[in-house]
Number of protein chains: 2
Amino acid sequence: MLVVQKYGGSSVADPERIRRVAGRVAAVREEGHDIAVVVSAMGDTTDDLISLVKEITDSPSDREMDMLLSTGEQVSIALLAMAIRERGFPVISLTGPQAGIATDGVHTKARILNIDTSRLRKEFSQGNIVVVAGFQGIDQESSDITTLGRGGSDTTAVALAAALQADLCEIYTDVDGVYTTDPRIVPEARKLNVISYEEMLELANLGAAVLHPRAVEMAMNYKMPLHVRSSFNTNPGTLVKEEENLEKELLVTGVACDHNVAKIGLFNVMDKPGIAFTIFKALADEKINVDMIIQSAMRDERNDISFTCSEGDLKKALAVVDGLQADIGADGYTYSDSVAKVSIVGAGMISNPGVAAKMFEALYGAGINLEMISTSEIRISCVIRDEDAEKAVKALHKIFDLA
Amino acid sequence: MLVVQKYGGSSVADPERIRRVAGRVAAVREEGHDIAVVVSAMGDTTDDLISLVKEITDSPSDREMDMLLSTGEQVSIALLAMAIRERGFPVISLTGPQAGIATDGVHTKARILNIDTSRLRKEFSQGNIVVVAGFQGIDQESSDITTLGRGGSDTTAVALAAALQADLCEIYTDVDGVYTTDPRIVPEARKLNVISYEEMLELANLGAAVLHPRAVEMAMNYKMPLHVRSSFNTNPGTLVKEEENLEKELLVTGVACDHNVAKIGLFNVMDKPGIAFTIFKALADEKINVDMIIQSAMRDERNDISFTCSEGDLKKALAVVDGLQADIGADGYTYSDSVAKVSIVGAGMISNPGVAAKMFEALYGAGINLEMISTSEIRISCVIRDEDAEKAVKALHKIFDLA
């Protein structure tokens with residue numbers, strides 16, 4: 001069997017934990033399997049590096065950020081390889097570039113283009129356990145190191161599993177699996193044994209930080225089952241796989257909350273074709289990921305257009321909006337980063353009317369004002385004030401009987 | 001003009017110092033010169049990484065050590081590039097592999113085989129300042145990252161300067177230049193304005209830590225003048241260049257002291273051809289650098305053979321000696337790592353008899369016992385007890401009027 005495992009930063013935060021991970025890897029090896037282990041940077045490494053940058057510049061180049069941050073994973077792979085070897089197993093560490101992970105050239109947010117698995121297969125054939133640096137790759141045109149951005153290590157693991165046609169892809173994290181909502185907010189939250197890609201994708205997109213949406217999307221495309229579990233115990237976690245029963249047991253599978261949300265509203269934009277394109281093309285050109293987009297009903301041939309992005313992109317997004325204001329004939333704009341997005345997710349929603357009404361009822365009952373609403377087939381999201389987020393999650397978890 | 005500068009770990013120990021280095025680099029740039037800057041890892045980074053390793057294993061693989069330690073320089077180049085860009089200059093950082101530095105595959109002690117300067121020249125032609133990671137390269141056969149071992153960043157700088165046919169190679173350090181001896185031990189020590197490659201090579205080999213001998217050797221081979229100076233002020237430092245006057249002003253140029261010395265003595269080795277070869281081939285095979293070798297006069301067809309190596313190699317050297325003892329017919333061996341090597345260096349020695357006698361007189365006068373003696377044309381070294389080293393340096397500095 002060929003197994004890919006991924007360990008996040010908290011699982012390799014110190015030498016003691018690294019040794020523990022080595023033990024887990026060794027156990028798989030002793031069962032006779034080939035194994036590739038993807039690791040993130042140790043605990044706070046990335047934050048420590050970023051705080052050094054802040055003492056030097058407010059606007060570092062993305063290329064140099066990648067050069068800097070990719071060292072974090074390189075430290076982890078070397079130490080984990082040493083710990084595995086200390087247990088007597090043949091092992092080799094590979095950086096993203098050495099593992100053949102080719103990306104585009106969009107620094108700090110690169111996308112994997114393809115994986116040349118020849119080096120990995122060579123190492124397997126020589127009996128080596130392979131430890132691969134997550135989060136990073138190489139832009140082959142420039143030979144520059146790239147990083148994949150948030151959740152990049154999950155993406156590395158799933159992409160490797162797909163490229164190697166692995167039998168199993170285990171994502172180790174610091175929680176027991178995927179929960180109906182954040183157990184730190186709602187103590188009655190329940191671990192899910194199985195969840196479909198689609199539901200996981202919605203939850204992931206909604207800031208349930210267990211798995212990155214890009215990783216889920218890739219797993220879905222390649223039909224690669226993921227096992228999300230804790231690196232601190234051997235309990236079974238949550239299996240993320242294809243939907244099998246059309247009739248879902250649960251109407252709503254989970255409640256998610258994302259605090260990393262900023263909102264921008266444009267007033268009285270001209271109502272003519274191409275306006276939305278102009279706005280969102282300009283944002284896309286700056287590599288800003290826009291999440292929700294809402295256009296209100298027409299009044300006097302003018303529209304209000306609102307959208308959300310991550311708080312980190314707010315400054316860049318405002319610069320874009322500033323530059324566009326005249327072109328799109330907007331009267332002005334407003335913005336806020338003290339908002340949050342709460343969402344309910346469930347494949348059962350499709351065939352059950354009234355779920356949205358029930359959600360709004362719960363939020364109304366908790367005295368929470370809704371600033372934006374957006375829906376998909378299996379998700380309903382509301383932007384609310386940041387300070388109401390916890391209250392909202394509790395109310396929703398309760399009304400949908402998730403405990 | 002094309003300038004190569006090298007800044008050591010203490011010169012880039014924190015963001016404040018990195019900003020200062022950026023200022024120096026910018027000043028050279030403003031004069032219109034092309035510039036490549038080689039940097040070491042920040043201050044204690046390497047030691048911090050090594051202490052992590054110690055919590056994981058006592059015998060890390062050399063390949064994984066290189067994977068680990070090469071991250072230190074990668075952090076420095078990214079931060080320095082950011083600091084230079086913050087001053088408004090176009091700049092790009094390159095790892096050793098990206099800078100085209102190809103080495104052999106001897107991990108932790110790799111030698112540079114050749115430098116492909118095409119990427120560097122491309123960056124110059126685009127107007128970029130180039131910041132290069134010292135100490136590292138790539139083994140092209142395996143695509144593995146290698147490190148050059150101690151003094152590797154000096155070697156990187158000189159090799160780059162030679163490959164680029166630079167007009168100037170400046171080695172920035174935390175002292176003002178090359179001194180007649182360590183000013184921390186002898187306050188009267190004097191800075192030398194000029195020193196020949198040969199003298200510098202002897203001093204460098206003797207543990208005067210300002211410049212690594214490999215770097216001096218390479219500079220000598222390529223006739224690349226080096227300017228050794230402080231990164232904390234703008235005083236002129238010491239110029240290391242070809243000997244010009246055959247008649248040296250000074251009989252003895254400097255006194256050096258190396259504490260990183262271990263001594264191994266083999267008793268009653270068989271006196272027959274090939275014995276020395278057997279011993280030192282076996283040590284070389286383990287990549288142990290042997291420094292002094294002394295074979296005493298024959299007694300009863302048996303010899304005593306002593307040699308020194310670095311303290312770090314002692315354990316490996318003892319293992320070799322252990323394995324050889326029977327083959328070479330030795331009665332036993334002794335070893336010590338509480339010894340030091342003091343040396344006097346000077347091109348003037350060649351034509352002045354009696355220098356050695358004067359040295360032994362000074363050491364005898366200070367009540368110091370000599371355990372081993374070795375000489376070259378321009379150097380005399382004595383192995384003495386570690387605790388006598390400071391006293392010896394002071395006595396030698398005085399007797400040769402170096403103050």
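User: How far apart do the C-alpha centres of domain 1 and domain 2 of chain A lie?
Analyst: The model is a predicted one. Chain A is divided into domain 1, residues 2-174, and domain 2, residues 255-399. The distance between the C-alpha centres of these two domains is 34 Å.

User: Are H10(A) and H11(A) parallel, antiparallel, perpendicular or oblique to each other?
Analyst: Helix H10 of chain A spans residues 355-365, and helix H11 of chain A spans residues 389-399. Their axes are 9 Å apart, and the packing angle is about 135 degrees. An angle over 145 degrees would count as roughly antiparallel, and 65 to 115 degrees as roughly perpendicular. The two helices H10(A) and H11(A) are therefore oblique.

User: Which residues of H11(A) meet H10(A)?
Analyst: From H10(A), the residues taking part are Lys358(A), Met359(A), Ala362(A), Leu363(A) and Gly365(A). By class, the contact of the two helices has seven nonpolar, one polar and one charged residues. On the side of H11(A), the residues are Ala392(A), Ala395(A), Leu396(A) and Ile399(A).

User: Which helix supplies the largest share of the side of chain A that touches chain B?
Analyst: The contact takes 28 residues from chain A and 28 residues from chain B. On the side of chain A, helix H1 (15-30), helix H2 (45-54) and helix H3 (62-86) each supply at least two residues. The largest share, 14 residues, comes from H3(A).

Conventions:
Residues are numbered from 1 along each chain as its sequence is written. Chains are lettered from A and ligands numbered from 1 in the order in which they are written. This is a predicted model: local features need pLDDT of at least 70, side-chain atom pairs count only at pLDDT 80 or more; totals for chains, interfaces and linings use all residues. Axes are lines fitted to C-alpha atoms, for helices over the stretch in contact, and angles run from 0 to 180 degrees between N-to-C directions. Helices (H or I, at least four residues) and strands (E, at least two) are DSSP runs, numbered from the N terminus. Angles under 35 degrees count as roughly parallel, over 145 as roughly antiparallel, 65 to 115 as roughly perpendicular and the rest as oblique. Two residues are in contact if their C-beta atoms, placed from the backbone, lie within 7 Å. Ala, Val, Leu, Ile, Met, Phe, Trp, Tyr, Cys and Pro count as nonpolar, Asp, Glu, Lys and Arg as charged, and the others, Gly among them, as polar. Domain bounds come from an automatic or database domain assignment.
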